[in-house]
Amino acid sequence: MERSFAAEVKQLALGEGQILHGEGILAITKGLLQSGVSYVGGYPGAPVSHLLDVLADANEPLLEPMGVYLDASASEAAAAALLGASINYPMRGAVTWKSIVGTNVAADALSNLASAGVIGGALVVVGDDYGAGASIIQERTHAFALKSSLCLLDPRPTLQNLARMVEEGFGISEASNLPALISLRIRAAHMRGSLVCKNNRRPAISMRDRLTRPSFDYARLCHPPSTYLQEARKFEQRLPSARRYIVEHGLNEVIPGEERGLGIIVQGGLTPTALRALAIVGAADEVGRSRIPLLVLNVVHPLVPEQVLDFLAGKERVLVLEEGMPAFIEQEIKALAYERGLGVGIHGKDTVAVQGEYVPEVVLAALARFLGGEAEHRRAAITGHLGRGREMLHASLPKRPPAFCTGCPERPVFSALKIAQRELGETHVAADIGCHAFATLPPFNMGNTILGYGMGLASASAVAPAFGKRVVSILGDGGFWHSGLTAGVANAVYNTQDSVLVILENFYTSATGQQANPSTGKNFRGDAVRMSIADTIKSLGVSWLRVVNPYKVAETLATIKEAMTTAAGGLKVIIARAECQLERQRRVKPQVAAQLTAGARVETPRFGIDPDVCTGDKSCMRLNGCPSLTLKENPDPLRDDPVAHVDQTCVGCGLCGEVAHAASLCPSFYEVRVVSNAGVWGRAMAGVRRRVIGWLQAA
Amino acid sequence: MPRDPRRPLSILIAALGGQGGGVLTEWIVGAADHAGHAVQSTSIPGVAQRTGATTYYIEIAPEPRMAGALDPVFSLYATPGDVDVIIASEWLEAGRTLEMDYASPDRTLLIASTHRLYAIGEKTVPGDGVFPATLVQEAVQKLTRRAITFDALAAARRAQSEVNALLLGALSAAGVLPLPEAAFETAIREGGVAVERNLAGFKAGRELVALGAEAVEPPARPARSWQEIKPERAAALGARGRAFLGLAARAEAEFPQHLHETLGEALARLIDYQDARYAEVLLARVRKIHAVDPDGRLTRNFARRLAVWMSYEDAIRVADLKTRRGRFERIRQENAAKEGAPVVVTDYLKPDLDEMYGLLPASIGRPIARWAERRWPHGRPTLTQAVKTTTVLGFLRVWLLGRLRFLRPRSLRSQRESALMDSWEQAVLAAAALDRDLAWEVAEMASVVKGYGEVRRRLSRALDRFLAETLAPAVEQDRAAGAGWERSARIVRERRQALLTEEQGSNS
């Protein structure tokens with residue numbers, strides 16, 4: 001795993017009144033334990049990957065002793081279905097995933113769950129990956145809450161409030177029988193602050209206090225005629241109960257202000273940005289006392305009409321700060337005001353940017369416009385320099401797109417694919433989600449579609465028969481086990497698709513931080529389980545299957561060329577198998593250090609480039625892109641373009657040499673192995689060699 | 001806008017994945033905690049942690065917490081123009097914070113390392129695609145209130161520490177945060193990782209500020225005169241050093257002073273490559289150009305390009321460079337090999353058939369070439385080998401090849417190269433008679449001839465065709481139009497760029 005939370009996890013045992021210091025995800029986890037949660041699970045994805053890491057690290061010391069079950073869910077769909085336990089039994093359960101994509105995958109189970117209703121609190125912590133730096137399609141989770149009648153919490157981000165909203169999330173879910181989503185934005189997930197703790201609560205039903213009899217109630221099955229009744233209950237009982245709970249427990253917050261004619265309604269998650277912008281324009285102080293009244297919505301669905309109308313009453317103009325499109329909250333508030341015939345002017349997307357993240361400059365500009373006068377002047381005072389940086393730098397700075405790590409075993413596969421296409425002509429490449437999607441960026445620029453996790457092969461289904469060459473699809477092991485197995489491989493075999501599938505098996509769900517997956521050999525809890533992609537594929541009836549070591553580029557290239565040109569029809573699968581280099585280094589480095597201290601013989605490989613042999617044409621970079629393969633000033637007084645250079649971070653994976661050979665590049669590359677603790681014989685041999693060579697060099 | 005004294009102090013950290021930006025953030029948060037200040041931090045790692053640009057953001061209450069008082073409302077975002085301190089662990093990333101308007105000229109302190117980690121776009125364009133560091137420097141001067149900039153990577157190596165510890169030291173010494181030195185040190189100790197190394201770096205960072213790293217450090221390299229360099233070149237040539245000094249003296253007597261260094265370097269290079277007679281060939285060619293180029297600007301460029309061209313990297317040259325004593329010393333040093341520790345070097349070589357028969361005398365090589373080029377019209381077979389040049393047999397194989405210099409003057413390759421050089425020289429001379437700018441561009445055209453094997457042959461053919469088929473008609477058109485030679489010069493420049501870019505395209 002990329003990050004160990006072993007030290008932080010100790011704080012999860014803190015009791016009443018003690019102070020926890022840590023990240024947002026830790027506060028969420030503490031909130032779960034304080035709520036008496038019975039089971040947890042989820043699928044990794046930023047920004048909640050680390051939440052699963054925390055749960056995995058907490059499993060042995062905390063969860064197991066309390067009887068809390070941790071599920072290493074195979075997908076978001078499996079995680080949502082996990083919450084099915086709360087339909088029939090009064091068990092509190094929480095799962096987590098990345099949204100919007102994870103919610104899409106989970107949608108079927110989530111709809112059924114919401115229709116059946118829950119008697120134990122069911123909570124989904126959705127990591128909302130929206131805005132600058134987000135890695136996925138930009139849509140709102142809010143739409144799911146509306147269509148399935150889920151409670152949607154968008155807590156004001158302080159550690160204290162995150163923990164509280166987890167507890168209240170279970171409360172509202174049980175009070176209304178609706179599952180609740182709690183939305184966590186990227187920055188809130190990684191926010192570091194402090195939290196006053198409560199005691200953890202042991203769940204009443206758990207692995208230690210087991211259920212004794214099944215509960216049968218046809219009304220809880222999503223099957224007609226129950227479904228008609230369930231629909232009626234949503235609107236007649238469940239949502240009204242949720243609204244009552246919101247008011248009775250004060251989940252939403254009103255910040256009073258003397259400016260009676262104006263008001264701001266804001267999603268809880270945007271509150272600090274709004275208060276900071278108000279402070280900058282002189283309408284609030286540093287501790288959040290505002291001249292303009294605010295209604296802070298920690299629960300954005302359902303809204304409580306009476307609460308909103310109370311806030312609107314007597315105001316002339318109200319601004320709704322709601323991130324993303326469509327503007328569900330703004331529309332609902334406008335409809336409410338219209339029905340009641342209120343004359344208040346409701347602004348939102350007409351004043352703030354329509355889509356995109358509500359970063360401070362956007363909110364600041366909107367507030368200055370909304371408030372006018374002094375606020376405009378104050379904003380101008382800090383924005384006078386805007387645009388000057390860009391102007392002074394003349395051109396925009398070179399981008400730094402994410403890329404494969406140093407020594408990554410996926411890079412050589414794309415080097416080989418690039419060389420293969422150079423020799424056989426270009427073809428359609430269906431990319432997928434995972435680290436391998438970095439191949440769509442420089443220097444590989446390879447991949448024609450990305451259509452969802454594990455969906456690459458399926459996305460090529462209609463291209464393959466219509467394309468003049470065999471098309472190639474890419475799949476990682478994470479994507480294979482998530483949905484590529486069924487939607488991809490089974491689908492392609494069933495349709496006798498004649499194409500090539502390259503599976504990158506690196507033994508972890510690496511892009512999100514090396515979480516375990518079925519190829520790893522163990523699950524989140526540490527139980528030994530290994531599932532084989534090769535055996536699984538064979539069992540589906542794929543007969544053309546090759547397993548390659550990706551670092552052997554010539555072999556990989558030959559295998560790709562064979563797959564592209566063989567007379568054999570059907571799906572041809574190449575599994576490029578090698579361990580994620582980050583995880584490997586994490587494992588190997590301490591071992592090497594220990595061997596060195598123990599005086600054992602250790603060879604440290606690294607690559608180098610002879611600067612006087614390199615002519616600076618950079619073809620190696622265009623087939624490689626390794627962070628450790630970089631540039632340095634040309635030492636040659638008569639040449640001026642920089643030369644290639646391998647820096648200290650090289651891990652000696654061997655790709656540089658392999659590519660130099662496979663693509664017939666220049667002879668500048670060499671591998672160096674420094675032998676530590678070589679022993680008497682080894683040192684003597686090396687001494688003799690150096691002497692003979694030295695004698696020749698002097699000749 | 002000057003800062004509101006009650007509002008939290010804001011610190012934006014710009015780093016690259018793997019540079020320790022997260023640890024730096026934890027140290028600052030830890031220091032604030034220790035000093036009793038309310039503090040909040042956040043980060044956006046996401047996929048950006050895979051070598052991309054990452055940012056961290058911290059807010060610290062200006063006063064220590066007091067019982068009963070409310071904590072400030074902390075923002076999770078930096079607001080452009082409302083940032084007190086920017087810390088950038090790399091120079092381009094420092095520029096990026098300015099590009100994004102975070103710094104304000106009346107408020108922001110920038111602490112940045114001037115070292116560069118190149119972005120992929122800078123690495124893959126043909127020629128020199130490195131973003132000019134001076135542009136960032138100018139922007140830093142204009143757009144920050146105060147800047148502390150130094151090469152934190154070099155300083156970290158000197159202090160046997162890490163970049164982030166140096167930057168933390170600089171932050172502490174800058175005195176803009178209400179946190180004592182001891183609070184930072186406690187934070188480092190509590191971090192518990194490489195404590196002594198990090199404390200050493202922290203101290204070194206503090207000292208740098210005390211010594212006045214305040215001004216923007218120019219990335220300067222001490223200039224040395226040719227008279228200082230010349231003896232070194234002679235010494236490096238060993239027995240041939242005397243011949244070099246003699247030839248250099250002749251050249252210095254014949255050509256004006258501003259050409260001495262270029263010609264000297266060129267002569268040293270060619271004597272090293274072949275011998276003094278071969279170096280004289282260069283002088284003969286340069287002489288012709290200088291005769292029509294009184295101010296020497298064209299001559300200098302011509303001589304430089306010619307010297308690089310004449311020392312084309314044939315198999316002999318590669319073998320020679322790969323077996324030099326200095327090379328193995330450099331490798332041992334770069335890899336910090338301890339005295340006596342065995343070092344195994346494996347060289348990845350893949351000469352093709354052309355490079356082999358190119359070494360033969362033209363009379364023998366030419367018929368073979370004719371046959372081979374018919375037999376394999378799209379690239380000849382290659383000889384893939386990974387040679388351990390630190391073993392006696394491996395070394396011998398390469399070393400013996402490097403001794404074959406005597407074959408060079410009459411080799412097929414030499415004839416082909418010098419025939420193309422003749423055409424190029426003629427074109428430069430013809431252009432010089434018309435227009436100096438045009439001649440300079442034609443001389444510069446030689447820079448496209450580079451690389452190995454098929455790449456080099458493709459570029460050589462392209463140059464040959466260009467000189468014969470494009471340049472001459474363009475010049476004729478300009479002559480007919482009678483409105484100067486700018487159009488021709490532009491055609492040459494664009495073709496040069498295009499050739500280098502096409503070469504990129506051919507393996508993109």
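In strand 5 of chain A, the residues A:Ala122, A:Val124, A:Val126 and A:Asp128 point one way while A:Leu123, A:Val125 and A:Gly127 point the other way, and all are buried (20 or more other C-beta atoms within 10 Å of the residue's own, C-beta atoms being placed from the backbone). The model is predicted: local features need pLDDT of at least 70 and side-chain atom pairs count only at pLDDT 80 or more, whereas totals for chains, interfaces and linings use all residues. Residues are numbered from 1 along each chain as its sequence is written, and chains are lettered from A and ligands numbered from 1 in the order in which they are written.

**Strand 5 of chain A and its neighbours**
- Seven of the seven residues of strand 5 (residues 122-128) of chain A are buried, so the strand is largely enclosed by the rest of the structure; strands (E, at least two residues) and helices (H or I, at least four) are DSSP runs numbered from the N terminus.
- Strand 4 (residues 93-99) of chain A runs parallel to strand 5 of chain A and is joined to it by seven bridges, with A:Gly93 and A:Ala122 as bridge partners; pairing requires at least two DSSP bridges between two strands.
- Together with helix 6 (residues 101-116) of chain A, strands 4 and 5 of chain A form a right-handed β-α-β unit, meaning that the path from the first strand over the helix to the second runs clockwise with the strands pointing away from the viewer.
- Strand 7 (residues 180-185) of chain A also pairs with strand 5 of chain A in the parallel sense, over six bridges, and A:Leu184 stands opposite A:Gly127.

- Contact between the chains involves 96 residues of chain A and 103 residues of chain B, contact being C-beta atoms, placed from the backbone, within 7 Å.
- An open sheet of four strands, with antiparallel pairing, has the order 22(A)-25(A)-7(B)-8(B).
- Strand 22 (602-609) of chain A and strand 8 (385-388) of chain B stand at the edges, each with a single partner strand, so one side of each is left without a neighbour in the sheet.
- Five bridges link strand 25 (residues 669-676) of chain A with strand 7 (residues 343-349) of chain B, where A:Glu671 stands opposite B:Thr346.
- Strands 7 and 8 of chain B pair over four bridges, B:Leu349 having B:Gln385 as its bridge partner.

**Domains of chain B**
- The domain assignment, automatic or from a database, gives domain 1 (9-210), domain 2 (222-311), domain 3 (326-410) and domain 4 (413-508).
- Nine residues of domain 3 of chain B are in contact with six residues of domain 4 of chain B.

Terms used:
Contact = placed C-beta atoms within 7 Å. Buried ≥ 20, exposed ≤ 12 C-beta atoms within 10 Å, placed from the backbone.
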